[in-house]
Amino acid sequence: MPVAMRRRGVNALFWAACFGSLAMVIAPTLWMLIGVVGRALPVFRFDVLTQDTQGNGGGLRNAIAGTAVLGLGVMLVGGTVSVLAGVYLSEFATGRTRSILRGAYEVLSGIPAIVLGYVGYLALVVYFGWGFSLAAGVAVLSVMSVPYITKATESALAAVPTSYREGADALGLPTMWALRKIILKPAIPGIVTGMLVALALAVSETAPMLYTAGWSASLPTGQLTHSPVGYLTYPIWTFYNLPSKSAQDLSYDAAFLLIVFLVLLILLGRLITWLSRRNTET
């Protein structure tokens with residue numbers, strides 16, 4: 001067999017294996033999405049958006065509002081800490097300090113969510129006496145988001161050309177001014193992508209929320225402690241196995257709304273990335 005023909009055969013087998021592996025990942029995801037949307041749309045009611053949960057029925061206004069508040073808290077707490085940590089690791093940390101901090105968030109990324117939820121329950125709900133609350137839920141979800149946002153921030157800053165930093169140093173610009181005005185701007189798309197990925201993972205969690213946020217059939221009160229919060233993954237997890245048809249329909253509605261929320265996050269991330277790149281080019 002000629003060498004060229006053999007190489008073409010190996011190349012074809014390689015690409016066939018790649019497409020087959022991709023199909024093995026995409027096919028179950030599409031099957032799940034089509035199944036959820038196909039079951040949710042026939043039973044979806046728009047008053048689900050305006051009514052609170054009542055027993056095994058009602059609406060999901062309380063869960064939607066609770067999910068939004070939890071996500072906002074994660075962005076404020078986890079996002080701030082993680083971005084600052086990523087900037088420090090990329091621009092200021094050296095030697096053993098950098099290795100220790102990187103190792104810490106890499107280990108944190110490997111801890112199961114249910115373990116973090118149980119630790120949060122013992123530490124925040126029980127020991128500190130916060131009870132099932134917004135603060136406990138946000139704290140645990142923020143800890144979960146730290147590895148993803150920190151890594152994304154560090155990687156995005158590492159991709160900024162070194163000439164930007166050298167040019168700022170040659171002009172005698174203050175370090176923090178150069179960081180804010182010159183270095184961070186090209187890195188914004190990567191940082192935003194990391195934050196949105198972390199937010200999507202956070203709002204999709206159930207086990208940590210059962211241990212920390214509890215569940216509430218009413219809108220968030222704004223109280224940080226001793227006030228349980230509703231969230232969309234609770235009816236998905238709890239109501240699906242109940243014999244009541246209204247409960248099962250509500251679980252499908254919650255799953256559909258969560259998918260819509262995640263799609264909107266993706267579109268928002270694309271929009272922010274496009275705008276930041278456009279401003280950088282101009």
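Colleague: Which residues lie nearest the centre of the largest pocket?

Modeller: Met32, Leu33, Val36, Ala255 and Ile259 do, among 17 lining residues. A pocket is an open set of points on a 1 Å grid over the protein atoms alone, where a 1.4 Å probe fits, with protein on both sides within 12 Å along at least five of seven lines; lining residues have an atom within 4 Å of a point. This is a predicted model, where local features need pLDDT of at least 70, side-chain atom pairs count only at pLDDT 80 or more, and totals for chains, interfaces and linings use all residues. Residues are numbered from 1 along each chain as its sequence is written, and side-chain values use heavy atoms, with hydrogens and water left out.

Colleague: Which elements give two or more residues to that lining?

Modeller: Helices here are DSSP runs (H or I, at least four residues), numbered from the N terminus. For the largest pocket, the elements are helix H1 (3–40) and helix H10 (245–281). H10 supplies the largest share, eight residues.

Colleague: Why does the largest pocket lie between domain 1 and domain 2?

Modeller: Domain bounds come from an automatic or database domain assignment. Domain 1 (1–39) and domain 2 (51–279) both give residues to the lining, so the largest pocket lies between them.

Colleague: What lines the second largest pocket?

Modeller: Eleven residues do, with Thr193, Leu196, Val197, Leu265 and Ile266 nearest its centre. Helix H7 (175–203) and H10 each supply at least two residues of this lining, and H10 gives the most, with seven.
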